[in-house]
Amino acid sequence: MDRRRAVRRVGGVVFAANLALVAAKAVVWWTTGSIAVGSEAVNSLADVAYSLVVLGGLYLTTQPPDFEHPHGHERIEPFVSLFVAVGVLAAGAAVIWSASTSLLAGTYGRSAGLAGVVVLTGTAVAKYVLYYYCLDVAERHHSPAIRATALDNRNDILTAGAALAGVVGSAAGYPILDPVAALVVALGILYTGYEIVRDNVNYLVGAAPPENLREEILDRALAHPKVEGAHDVVAHYVGPEVDVSLHVEVEGEMSLYEAHGIETEIIESVREIPEVDDVFVHVDPKELGEWKAADTE
């Protein structure tokens, strides 16, 4: 399946799942008044909202290249991810307000009983499946928006567990555990928002990729039989993709045609790395002595 179809399908699946979960939690919340279940309903409602943003964003990012965007539209994805983060952080703040108000006033929700246990257990199972599904697609297609969705689903497993503990504790005669569990849920929600912001700011500011990727780029350049050294290897994010520039050292007496052929072969080799988009190779005569041994370590 190509990238466009894969990421759009994820958006649709996640939206449908979150819509079903918010409906189930809302029913239990309405009938029992459990704050822990209510916090999970708010969490799922935020998930539905960001799912819509992700769906719209993924539609834009998977459009083919055009005259104004010759490299495609994937660079929009970090902005989509940041919209997800805003929704996640807002949901966390709302849950903290509700739970704190309940604790200060001493008005705790009623136990959600068996219905709460069932809906929260089902949430944890559903989010476990969605987490691994989204993570697999994000890794295979290098999509930061889908990775942000995966992180949110992973966090939802933990928050559902915290809410479940609150429901069980309330049923056992400790109603204060219901809003306490809601606060734990809120902290988990806020941490997920932080993770998403942290990861995607790097894409937007052109940060360097992990060192092992730079090493692989250098190894591929030096693997060419006619390359005798490489230096000034620069790799940085442009959106979720990596642009690369480097200098390679070759014999100075070779023809321009042969040097051009070496350049082309190195570009093609480095572009085979899935994360890499553009590659710029500058060919230097080795006699100039610009090669730097430190760059080959």
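Tutor: Accessible areas come from the Shrake-Rupley method with a 1.4 Å probe, and for residues only the protein chains shown count as cover. This is a predicted model, where local features need pLDDT of at least 70, side-chain atom pairs count only at pLDDT 80 or more, and totals for chains, interfaces and linings use all residues. Residues are numbered from 1 along each chain as its sequence is written, and side-chain values use heavy atoms, without hydrogens and water.

Student: What share of the accessible surface of the chain belongs to carbon and sulfur atoms?

Tutor: The accessible surface of the chain comes to about 14,200 Å². Of this area, the share that belongs to carbon and sulfur atoms is 65%.

Student: In what order do the elements of the chain run from the N terminus?

Tutor: The chain has eight helices and three strands, where helices (H or I, at least four residues) and strands (E, at least two) are DSSP runs numbered from the N terminus. Read from that end, the order is α-α-α-α-α-α-α-β-β-α-β.

Student: Is Thr123 buried or exposed?

Tutor: Thr123 lies in helix 4, which covers residues 113-141, and apart from its neighbours within four places in sequence, Thr123 is in contact (heavy atoms within 4.5 Å) with Leu21, Lys25, Glu40 and Ala160. Its relative accessibility is 0%, and since buried means under 20% relative accessible area, exposed over 50% and partly exposed in between, Thr123 counts as buried.

Student: How far apart are the end C-alpha atoms of helix 5?

Tutor: Helix 5 comprises the 28 residues 144-171, which at 1.5 Å a residue should span 40 Å; the expected span is 1.5 Å times one less than the number of residues. The distance between its end C-alpha atoms agrees with this, at 40 Å.

Student: Which elements do the buried residues of helix 8 pack against?

Tutor: The buried residues of helix 8 (residues 256-271) are Ala259, Ile262, Ile266, Ile267 and Val270. They cover an arc of only 135° around the axis, taken from the directions to the C-beta atoms, which puts them on the same side of helix 8. Their packing partners are helix 7 (211-222), strand 2 (241-250) and strand 3 (276-285).

Student: Which residue in the turn of the hairpin of strand 1 and strand 2 has a positive phi?

Tutor: Seven of the 10 residues of strand 1 (residues 229-238) are buried, so this strand is largely enclosed by the rest of the structure. Strand 1 and strand 2 run antiparallel, joined by eight bridges (two strands pair if DSSP finds at least two), and Val238 stands opposite Glu241 in strand 2. The hairpin has two residues between its strands, and the turn residue with a positive phi, of about 70°, is Gly239.

Student: What is the geometry of the aromatic pair formed by Tyr131 and Tyr132?

Tutor: Three aromatic pairs are present in the structure, where rings of Phe, Tyr and Trp (its six-membered ring) pair if their centres lie within 6.5 Å, and planes under 30 degrees apart count as stacked, over 60 as edge-to-face and the rest as tilted. Tyr131 is buried, with a relative accessible area of 14%, whereas Tyr132 is partly exposed at 46%. Their rings lie 4.8 Å centre to centre with 65° between the planes, a geometry that is edge-to-face.

Student: Which residues do ring pairs link into a cluster?

Tutor: The pair of Tyr131 and Tyr132 belongs to this cluster. Its members are Tyr128, Tyr131 and Tyr132.

Definitions and conventions. Buried < 20%, exposed > 50% of the residue type's maximum accessible area, 1.4 Å probe, protein only.
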